[in-house]
Amino acid sequence: MPKKNKPEIVLKGIPAASGIAIGTAFLMDQQDFIVPERAIFDDEILVELARFEEAISRTKDEIIKIKEKITAQGGVKDAQIFDAHLLVLEDVMLIEDVEKRIRSEKQSAESVFSRVLKRYAQVFAKIQDDYIKERSADIEDVGRRILKHLMGETRTHDFDQLAGDVIIVAHDISPSDAVTMFDKKIMGFVTDVGGRTAHTAIIAKSLGVPAVLGLKDATLRISNQDQIIVDGRKGVVIINPDEETTELYLKEKEKIAQYEGSVAQMPDAPNETQDGRRILLMANFEMDGEIPAVKKYRAEGIGLYRTEFFYMNRLDLPTEEEQYQAYKKIAEAMSPNPVVIRTLDLGGDKFISSIQLPKEMTPFLGSRAIRLCLEEQDIFKTQLRAILRASSHGNVGMMYPMIAGPGELRAANGILKGVKQRLREKNIPFNENMPVGVMIEVPAAAMTADLLAKECNFFSIGTNDLIQYTLAVDRGNEKMAQFYEPGHPAVLRLIRRTISAAHDANIKVSVCGEMASDPTLAIILLGLGLDSFSMSPSSIPVIKKAVRSIRFSDAQELARQALRLSTGQEVEEFMTSELTKLVPEFYHYHGRAA
Ligand code: PEP
Ligand code: MG
């Protein structure tokens with residue numbers, strides 16, 4: 001029910017996952033995260049002590065900076081609060097208590113520290129004294145800052161505290177947070193930060209939860225319990241909608257439900273153009289819960305299995321056996337259709353608790369994906385063994401993420417060769433001819449596609465990263481969203497080059513980035529000769545309709561013309577206007593994917 005006497009406010013952000021949610025806002029405190037218990041070995045004690053010291057020193061720097069900023073803005077009195085916070089950081093008793101316990105209890109710095117904090121809070125809670133109460137609040141505040149530094153990007157929000165259907169409003173939601181929402185009753189989510197192809201947006205799509213990201217100050221504008229509407233198609237959030245607006249959106253929601261019901265009745269007709277070019281439409285896959293959607297939308301295989309999500313929200317690394325069982329399960333569920341397992345793609349915006357990555361200034365350009373696997377070879381080999389073993393069930397392929405050229409491909413294949421040899425020696429069955437592909441997501445890979453094609457069995461173009469690395473635009477940064485142009489001539493030329501190199505070498509090429517699920521852009525990819533598309537399962541019906549609505553020869557001509565244009569915007573305008581003429585009934589509704 002809309003609340004009276006509060007004005008309706010409309011916020012505009014980035015449409016991340018389609019659909020409409022109408023409900024009550026639940027403001028997720030940035031600081032409400034789970035602190036896992038983690039036992040350490042003797043030789044890790046010094047490391048944990050050093051991490052604790054580092055977290056304290058970072059917190060000190062942070063508080064000094066805030067204090068200086070507030071003082072500069074004239075808030076001298078307010079700035080004094082931070083003196084009390086700085087005193088907490090010099091509290092010898094507190095610090096020594098934590099250090100002693102790290103040594104004696106052999107637990108990670110964050111687990112010990114959070115327990116000590118709780119103990120302080122319990123003691124203070126019993127004392128009825130205003131001074132003590134204030135001091136307790138200071139310790140709590142500073143404590144959260146220290147924990148934030150100790151846990152870095154591996155923090156996970158505690159969604160278990162949620163009761164009932166709510167729309168989550170948070171400054172940020174990490175990809176690992178997003179996957180834990182799978183079995184929670186969450187109607188939608190909105191965040192201050194994030195871009196259209198950030199992994200959080202991708203997971204929102206997989207969950208089928210409407211999401212608007214990058215609203216910049218949603219957490220300041222929305223209060224807990226506010227009624228809000230999230231329109232994930234347009235990237236709009238309405239706070240305190242009046243009755244008329246609510247009515248309008250309820251009707252719209254109903255229309256979407258009807259439409260989705262109708263497209264879900266997928267025709268048995270093949271995925272082919274009007275002049276008979278057959279295209280494979282596959283699904284991207286992150287977690288088991290998606291299998292029903294993969295089946296419902298009749299994906300012709302899994303074109304991208306993002307295995308890193310299997311490593312998230314747990315304290316230990318998954319064992320070879322666990323991974324083998326998981327990969328085998330999906331291979332068997334999809335058989336005889338293909339399942340392409342991507343090796344671990346950590347770093348960038350995806351982090352896990354079991355591998356503590358050093359903080360980097362620009363993580364997307366740092367130790368990410370294949371680079372990390374080549375550094376952490378034990379972890380890589382365990383995964384390769386599991387994938388190879390799964391390859392004896394169903395139709396399994398494997399690909400490496402973020403390859404920048406033949407050197408890395410050879411290094412990865414060298415390790416794969418060794419792992420295969422060990423399996424052979426132990427008589428463990430695997431498919432000797434398991435296809436091994438390369439993801440083309442770095443411009444260097446697209447430019448060397450002719451060389452790479454000679455040393456692998458297929459390509460899969462990861463446009464989410466290819467766009468970010470080509471245009472130097474952080475895919476998760478809402479402030480750069482206007483520069484993130486899938487139709488930019490540089491991107492289209494690299495894709496064209498990659499497809500030609502693949503076909504010259506007689507190998508197949510797929511696109512598994514979000515570009516594949518945008519019907520306007522998908523027609524360009526089709527026209528460039530792409531063999532298969534992989535996308536979140538719910539996008540399949542729309543792309544199927546797009547493919548079936550056009551002649552391949554027309555798509556080729558459109559792609560040719562689009563590649564002569566100068567900007568991403570020109571490309572999108574050209575395509576929308578041409579497609580509206582060619583297939584008016586379809587493109588009237590689907591001009592752009594939300
Ligand atoms: C991509 O980069 O387009 C891709 C499919 O991989 P991810 O989104 O997981 O980085
Ligand atoms: Mg990628």
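Predicted model: local features only at pLDDT ≥ 70, side-chain atom pairs only at ≥ 80, totals over all residues.
Is Lys106 buried, exposed or partly exposed? At 33% relative accessibility, Lys106 counts as partly exposed.

## Salt bridges on the way in

Side chains of opposite charge can pair when their charged atoms come close. A search of the whole structure finds 32 salt bridges. One of them is formed by Lys106 with Asp42, with 2.8 Å from N to O. The two residues sit in distant parts of the chain, 64 residues apart. Asp42 is in the loop between strand 4 (33-34) and helix 1 (45-72), and Lys106 is in the loop between helix 4 (92-105) and helix 5 (109-125). Asp42 counts as exposed, with a relative accessibility of 52%.

Arg278 and Glu300 make another salt bridge, with 2.7 Å from N to O. Arg278 lies in the loop between helix 10 (243-264) and strand 11 (280-285), while Glu300 lies in the loop between helix 11 (291-296) and strand 12 (302-306), so the pair ties together parts that are 22 residues apart in sequence. Arg278 is partly exposed, with a relative accessible area of 42%, whereas Glu300 is buried at 14%.

## The magnesium site

Ligand 2 is a magnesium ion, coordinated by Glu441 through OE and by Asp465 through OD, at 2.0 to 2.2 Å. Glu441 is in the loop between strand 15 (436-440) and helix 16 (443-447), and Asp465 is in helix 18 (residues 463-471), so this pair ties together parts that are 24 residues apart in sequence. Glu441 counts as buried because its relative accessibility is 2%. Asp465 is buried too, with a relative accessible area of 2%.

## Domains and the contact between two of them

How is the chain divided by the domain assignment? It gives domain 1 (9-31 + 157-249), domain 2 (42-154) and domain 3 (277-519 + 528-538). The centres of domain 1 and domain 3, taken over C-alpha atoms, are 28 Å apart. In the contact between these two domains, 21 residues of domain 1 meet 23 residues of domain 3.

The size of an interface is often given as the accessible area lost when the parts come together. For domain 1 and domain 3 the buried area is about 1,900 Å², with 62% of it on carbon and sulfur atoms. Thr197, His199 and Lys205 supply 32% of the area that domain 1 buries against domain 3, more than any other three residues.

The two domains have 12 residue pairs in polar contact and 1 salt bridge between them. Lys205 pairs with Glu514 in a salt bridge, where the closest N and O atoms are 2.6 Å apart. On the side of domain 1 that touches domain 3, helix 7 (175-180) and helix 8 (199-207) are the elements that give two or more residues. Helix 8 provides the largest share, 6 residues.

## A buried polar contact

Gln227 lies in strand 9 (residues 227-231). With a relative accessible area of 14%, Gln227 is buried. Its side chain is joined to that of Thr24 by a polar contact of 3.1 Å.

## Backbone details

Most residues other than glycine have a negative phi, and most peptide bonds are trans. Which two residues are joined by a cis peptide bond? They are Ser335 and Pro336, with an omega of about 10 degrees. Pro336 is in the loop between helix 12 (320-334) and strand 13.

Asn240 has a positive phi, near 50 degrees. Asn240 is found in the loop between strand 10 (236-239) and helix 10, and counts as buried at 5% relative accessibility. Asn506 has a positive phi of about 65 degrees although it is not a glycine. Asn506 lies in the loop between helix 19 (489-504) and strand 17 (508-511), and is exposed, with a relative accessible area of 72%.

Technical notes. Residues numbered from 1 in each chain as written. Chains lettered and ligands numbered in written order. Heavy atoms only, no water. Donors = N, O, S within 2.8 Å, 3.2 Å for Na, K, Ca; no water. Helix = DSSP H or I, 4+ residues; strand = E, 2+ residues; numbered from the N terminus. Buried < 20%, exposed > 50% of the residue type's maximum accessible area, 1.4 Å probe, protein only. Polar contact = N/O pair within 3.5 Å; in protein donor to acceptor, adjacent residues only side chain to side chain. Domains from an automatic or database assignment. Contact = heavy atoms within 4.5 Å. Buried area = accessible area lost by both parts, 1.4 Å probe. Salt bridge = Lys/Arg side-chain N within 4 Å of Asp/Glu carboxyl O.
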